[in-house]
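Please read the points below with the sequence and the model open side by side.

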Amino acid sequence: LVKQQLVRDRFMKPNLQGMVWVFGYGSLVWKPPEGFHASSSLPAAIKGWKRRLWQGSTDHRGVPLRPGLVATLIETSKLQESGGKEEEEDLCWGMCYGYDKEEQDKILAYLDYREKDGYDRLLVDVFLPKQESMGEALEAEDCASISEVVLYVATMHNEQFLGPLTDEEVADRIAASVGPSGTNAEYLFKLADALRGMQVRDEHVFRVEHMVKQLPTPPAGTKVSVFEGCGRHRGDGGWMLQKLWDARSWQEVPARAGVFRALLAPSSSPEELLMSIGWPPSMPLQEVEAATGGERKQVTAAHFPCGGGLLWSRKTTTGGGSVKDDSSLLLLTESAWHKEWAKLQGHKEEEGLLE
């Protein structure tokens with residue numbers, strides 16, 4: 001998009017300078033960044049893009065083997081090449097949040113993690129309506145602009161991108177999908193309601209919403225773990241993963257997608273835990289050990305045939321005549337397993353894996 005100078009329009013009340021601006025068009029429309037106070041929160045639009053529910057979601061509204069669908073933006077020119085009738089000058093509406101400059105590093109770290117499943121960070125121009133009336137009928141000349149606004153887009157080349165899809169295909173998948181954050185239908189309905197509240201007409205979102213309401217969907221409030229869909233057959237280990245998830249209180253490890261931690265009693269052993277969930281004795285465990293100064297760190301690893309795995313981390317610290325044992329359990333999705341196991345094999349204590 002062509003960069004434009006900041007406009008100091010007499011209709012614009014917020015201070016546009018000295019702030020970090022973020023544009024949201026999906027869940028950010030109805031669920032702004034948690035734990036942060038936005039100095040300004042305004043309806044806004046971008047030009048040259050259209051919202052499409054074509055991005056696979058394996059961490060929020062679906063699971064790895066049954067991805068849900070969430071919003072991304074597709075360049076209008078790409079849709080035109082595919083026979084779409086979208087106009088280049090049409091605006092795509094969402095919400096724009098302004099934060100104090102001092103919050104920049106924290107807000108971007110939060111959003112990088114929230115949008116980790118295939119999204120890239122871009123800087124774009126956005127348009128704000130000069131007057132209270134707004135909607136898709138407005139054109140760019142009816143708006144003031146802000147440059148260098150942060151935007152997260154899942155491009156057509158990321159591995160989670162599932163488009164192009166027909167509206168019927170989108171509706172079928174959304175109606176059936178559920179993930180750790182809840183049902184995919186809930187995501188769609190909240191997005192559609194928020195757009196209506198902004199007096200925005202999004203034909204794609206509203207068509208899909210109408211279709212999904214005609215289909216059976218999981219009960220409101222339904223959630224599943226990221227391991228749902230790994231399988232339930234004794235031969236692939238998926239039922240063991242789910243049993244582990246259900247039996248303990250897991251917390252996602254910040255900035256490490258697909259890694260979940262649970263505290264563990266030092267007196268426990270990995271063999272006892274695995275036996276309690278039916279781990280076959282014939283399936284091998286792997287050990288990695290490292291020692292530095294007064295610390296000895298040991299990790300026992302179990303890789304499940306269905307995908308995913310378990311890392312049992314034990315740290316023994318000696319000093320001052322005392323010995324302290326700390327144990328924790330890590331449950332990992334398949335993609336996270338390969339990353340973390342590669343670090344362990346190289347004996348790299350990256351991102352606190354052995355801490």
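1. The model is a predicted one. Helix α4 itself spans residues 167-176, and its buried residues are Asp167, Val170, Ala171, Ile174 and Ala175. These residues lie on the same side of α4, because the arc they cover around the axis is only 125°. The general rule behind such a pattern is that an α-helix has 3.6 residues a turn, so residues three or four places apart point the same way.

2. How do α4 and α6 pack? The angle between them is about 55° and their axes are 9 Å apart. The two helices are therefore oblique to each other, and the crossing of α4 and α6 is right-handed. On the α4 side the contact is made by Asp167, Glu168, Val170, Ala171, Ile174 and Ala175, and on the α6 side by His204, Arg207, Val208, Met211 and Val212. By class, the residues of this contact between α4 and α6 are seven nonpolar, one polar and three charged.

3. From α5, the contact takes in Ala185, Leu188, Phe189, Leu191, Ala192, Asp193, Leu195 and Arg196; from α6, Val205, Phe206, Val208, Glu209 and Val212. This contact of α5 with α6 has 10 nonpolar and three charged residues, and no polar ones.

4. Backbone geometry needs a check at a few positions. As a general rule, most residues other than glycine have a negative phi, and most peptide bonds are trans. The bond joining Gly163 and Pro164 is a cis peptide bond, with omega about -5°. Pro164 is in the loop between β7 (143-153) and α4.

5. Gln199 sits in the loop between α5 and α6. With a relative accessible area of 57%, Gln199 is exposed, because the cut-off for exposed is over 50%.

6. Glu148 also has a positive phi, near 60°, in a residue other than glycine. Glu148 is part of strand β7. Its relative accessibility is 43%, so Glu148 counts as partly exposed.

7. Along the chain, Ala220 and Ala185 are 35 residues apart, while their C-alpha atoms are separated by 8.7 Å.

8. Helix α3 (residues 104-114) has Ile107, Leu108, Leu111 and Arg114 as its buried residues. Seen down the axis of α3, they fall within an arc of 125°, so they line one face of the helix. Asp105 and Lys106 are exposed, on the other side of α3.

9. Is Ser27 buried or exposed? At 18% relative accessibility, Ser27 counts as buried, because the cut-off for buried is under 20%. Ser27 lies in helix α1 (residues 27-30). Apart from neighbours within four places in sequence, Ser27 is in contact with Arg114 and Tyr187. Arg114 is one of the buried residues of α3.

10. Some totals for the chain close the note. The chain has nine helices and 15 strands. Of its 355 residues, 50% count as buried. Among contacts with a separation of 6 or more, 69% are between residues 24 or more positions apart.

Technical notes: Residues are numbered from 1 along each chain as its sequence is written. This is a predicted model: local features need pLDDT of at least 70, side-chain atom pairs count only at pLDDT 80 or more; totals for chains, interfaces and linings use all residues. Side-chain values use heavy atoms; hydrogens and water are left out. Buried means under 20% relative accessible area, exposed over 50%, partly exposed in between (1.4 Å probe, protein chains only). Helices (H or I, at least four residues) and strands (E, at least two) are DSSP runs, numbered from the N terminus. The arc is that of the directions from the helix axis to the C-beta atoms. Contact means heavy atoms within 4.5 Å. Ala, Val, Leu, Ile, Met, Phe, Trp, Tyr, Cys and Pro count as nonpolar, Asp, Glu, Lys and Arg as charged, and the others, Gly among them, as polar. Axes are lines fitted to C-alpha atoms, for helices over the stretch in contact, and angles run from 0 to 180 degrees between N-to-C directions. Angles under 35 degrees count as roughly parallel, over 145 as roughly antiparallel, 65 to 115 as roughly perpendicular and the rest as oblique. A crossing is left-handed if the near helix is turned anticlockwise from the far one by less than a right angle, and right-handed if clockwise.
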